[in-house]
Number of protein chains: 2
Amino acid sequence: MAARRPPETPPEAHAATRQALLAAAADVFAECGFRNATIRDICRRAGANVAAINYHFGDKAGLYSEVLAEQSRVVRERFPARPAGAESLSPEQQLAAFVRTFLQRVLSPDMHARHGRIMTREMVDPTDALDRLVKEAIRPDAERLMAILRAMLGPDLPASAIRLCGMSVVGQILFYCHCQPVIRRLFPDLPADASRLDELAEHVTRFSLAALKHYGTAPSARRPSRKSSSPNPA
Amino acid sequence: MAARRPPETPPEAHAATRQALLAAAADVFAECGFRNATIRDICRRAGANVAAINYHFGDKAGLYSEVLAEQSRVVRERFPARPAGAESLSPEQQLAAFVRTFLQRVLSPDMHARHGRIMTREMVDPTDALDRLVKEAIRPDAERLMAILRAMLGPDLPASAIRLCGMSVVGQILFYCHCQPVIRRLFPDLPADASRLDELAEHVTRFSLAALKHYGTAPSARRPSRKSSSPNPA
DNA sequence: GCAAGTTTCAAACAGGTGTTTGAAATGTCA
DNA sequence: TGACATTTCAAACACCTGTTTGAAACTTGC
């Protein structure tokens with residue numbers, strides 16, 4: 001009836017096969033996404049039998065959520081959104097650090113690139129794991145960013161404007177992760193990923209700081225014709 | 001050996017079944033992506049037999065590329081990147097129009113939302129169709145945007161900086177398309193999609209104009225500690 | 001009406017999917 | 001050593017996938 005399992009999944013990883021499966025699964029899920037990854041592919045790379053996944057993780061979804069949880073934990077420990085000593089920095093410096101950290105999370109060439117790709121896929125094609133991910137990982141980051149922006153923009157700006165500005169900052173960062181295939185085709189001469197991390201962090205920070213400093217002043221350039229409805233004024 | 005096909009695919013759509021298949025396929029591909037869409041699902045919605053796809057389009061990939069080509073054509077005709085009369089506008093107004101057009105393309109509630117989702121999936125999980133899409137649809141838009149930015153930022157800024165600014169603008173816009181599942185979970189009270197189009201266009205334009213106006217001046221807030229390498233100064 | 005071409009259809013095909021099985025191998029502890 | 005639980009394995013299961021088949025149903029032009 002039900003599959004045999006380890007009677008109680010012990011707190012520590014108990015088998016080498018388990019670890020090999022987790023590592024291989026991270027690769028394959030990052031490459032193919034949850035739905036298109038095959039357990040036969042994962043097991044081949046891990047040197048394990050197909051039945052190993054059901055034995056160790058119950059089923060494919062169980063393996064996936066374990067990969068996601070572990071990656072999320074490792075990445076947030078390695079690149080914390082609120083690093084020690086952040087309070088002594090100016091809001092501008094905190095924003096610069098946030099941007100750099102976030103870019104590292106999604107562009108770092110090693111294990112973390114896989115996390116960026118898996119998160120990207122989760123956003124475009126959510127699985128059941130997204131709810132937990134938002135609650136435990138994404139929301140704390142979002143609130144951290146909005147606190148920084150609040151410190152920069154003052155208490156008078158409505159919360160909705162803070163949110164919009166936060167999405168503008170994060171949108172710039174995620175672009176390099178979500179649109180990599182397009183960027184590579186549009187600008188083939190650009191070296192991708194991590195080698196440009198410094199340059200990208202510098203630009204996004206500069207662009208965002210300039211925008212935030214003068215966000216309240218600019219009248220946003222009235223659109224050409226408001227009432228002719230169509231953007232093509234025929 | 002080879003499947004039977006219409007001897008020469010006539011220039012006009014010759015059958016109602018063909019149109020029904022294209023419409024149903026657009027829905028399903030937008031919902032599930034190319035790989036996870038099933039021809040049985042498409043055919044059921046179109047009220048057609050499974051063999052109809054092979055008869056009318058050769059195979060699943062043929063159907064997909066036809067959907068993509070038609071959508072791209074329709075959307076770019078409805079929301080042109082370079083609307084008539086754009087030359088008489090200031091660069092700032094042109095940027096405002098560009099932002100609005102782009103947001104409409106990816107957020108409009110009707111047929112174009114499907115196009116936005118299909119494009120999103122194509123970026124995250126490219127198929128063979130992406131090369132053609134970049135050449136025919138994305139690159140012209142990118143060059144249009146960079147021309148606007150060039151006019152605003154002057155001829156002295158290096159092309160690489162123009163590119164980065166362009167990606168900052170587009171990244172803000174695509175965020176609302178790529179991250180919709182996350183946005184919905186983070187801020188459930190926000191009405192999604194199209195009803196906020198005016199507000200979003202206004203914000204992205206204001207944010208970008210403020211950034212571009214002062215992009216050269218800000219020294220980008222030096223990062224706290226450059227040489228201690230880790231963002232977590234342990 | 002009739003023949004030719006066009007379009008649909010139910011059924012089957014070959015291959016891939018996640019999952020399960022029951023036995024064999026391995027480890028563990030007395 | 002022997003008895004026990006844990007872990008692996010090849011094989012099979014049931015299901016789903018895109019595609020093909022060959023005949024039936026249409027449409028068209030004479």
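These questions and answers walk through a predicted model with chains A and B.

Q: How many helices and how many strands are there in chain A?
A: From the N terminus on, the elements of chain A run α-α-α-α-α-α-α-α-α-α. The count for chain A is ten helices and zero strands.

Q: What percentage of the residues of chain A count as buried?
A: A residue is buried if 20 or more other C-beta atoms lie within 10 Å of its own. Chain A has 234 residues. Of these, the buried part is 40%.

Q: Among contacts in chain A between residues at least 6 apart in sequence, what percentage join residues at least 24 apart?
A: Two residues are in contact if their C-beta atoms lie within 7 Å. Take the contacts in chain A between residues at least 6 apart in sequence. The part that joins residues at least 24 apart is 67%.

Q: Which element gives the most to the side of domain 1 of chain A that touches domain 2 of chain A?
A: Chain A is divided into domain 1 (16–67) and domain 2 (79–213). Their C-alpha centres lie 29 Å apart. The contact takes eight residues from domain 1 of chain A and seven residues from domain 2 of chain A. On the domain 1 side, six residues come from the element that gives the most, α1(A).

Q: How is the side of domain 1 of chain A that touches domain 2 of chain A divided into nonpolar, polar and charged residues?
A: The elements that give two or more residues to this side are α1 and α4 (60–78) of chain A. By class, the residues of this side are five nonpolar, two polar and one charged.

Q: Which element gives the largest share of the side of chain A that touches chain B?
A: The contact takes 65 residues from chain A and 65 residues from chain B. Elements of chain A that give two or more residues include α1 (16–36), α5 (91–107) and α8 (159–178). The largest share is eleven residues, and it comes from α8(A).

Q: How many nonpolar residues are on the side of chain A that touches chain B?
A: This side of chain A has 16 polar and 13 charged residues. The number of nonpolar residues is 36.

Q: Which kind of axis relates the two copies?
A: Chain A can be laid on chain B by a turn of 180° and a shift of 0.0 Å along the axis. The RMSD is 0.1 Å. The copies are thus related as by a two-fold rotation axis.

Q: Which residue of chain A comes closest to the rotation axis?
A: The distance is taken at the C-alpha. At 1.9 Å, the residue of chain A that comes closest is Ala211(A).

Q: How many of the 17 residues of α5(A) are buried?
A: α5(A) reaches 24 Å from its first C-alpha to its last, close to the 24 Å expected. The helix is mostly covered. Its buried residues number 14.

Q: Which residues is Val99(A) in contact with, leaving aside its neighbours within four places in sequence?
A: The largest nonpolar core has 125 residues, and Val99(A) is one of those that touch the most other members. Nonpolar side chains tend to be buried together in soluble globular proteins. With close sequence neighbours within four places left aside, the contacts of Val99(A) are Val169(A), Ile173(A), Ala201(A), Val204(A) and Thr205(A).

Q: Is Pro91(B) buried, partly exposed or exposed?
A: Pro91(B) lies in helix α5 (residues 91–107) of chain B. It has 17 other C-beta atoms within 10 Å. Buried needs 20 or more, and exposed needs 12 or fewer. Therefore Pro91(B) is partly exposed.

Key:
Residues are numbered from 1 along each chain as its sequence is written. Chains are lettered from A and ligands numbered from 1 in the order in which they are written. This is a predicted model: local features need pLDDT of at least 70, side-chain atom pairs count only at pLDDT 80 or more; totals for chains, interfaces and linings use all residues. Helices (H or I, at least four residues) and strands (E, at least two) are DSSP runs, numbered from the N terminus. Ala, Val, Leu, Ile, Met, Phe, Trp, Tyr, Cys and Pro count as nonpolar, Asp, Glu, Lys and Arg as charged, and the others, Gly among them, as polar. Domain bounds come from an automatic or database domain assignment. A nonpolar core is a set of buried Ala, Val, Leu, Ile, Met, Phe, Trp, Tyr and Cys residues joined through C-beta atoms within 7 Å. The expected span of a helix is 1.5 Å times one less than its number of residues. Copies are superposed by least squares on the C-alpha atoms of residues with pLDDT of at least 70 in both.
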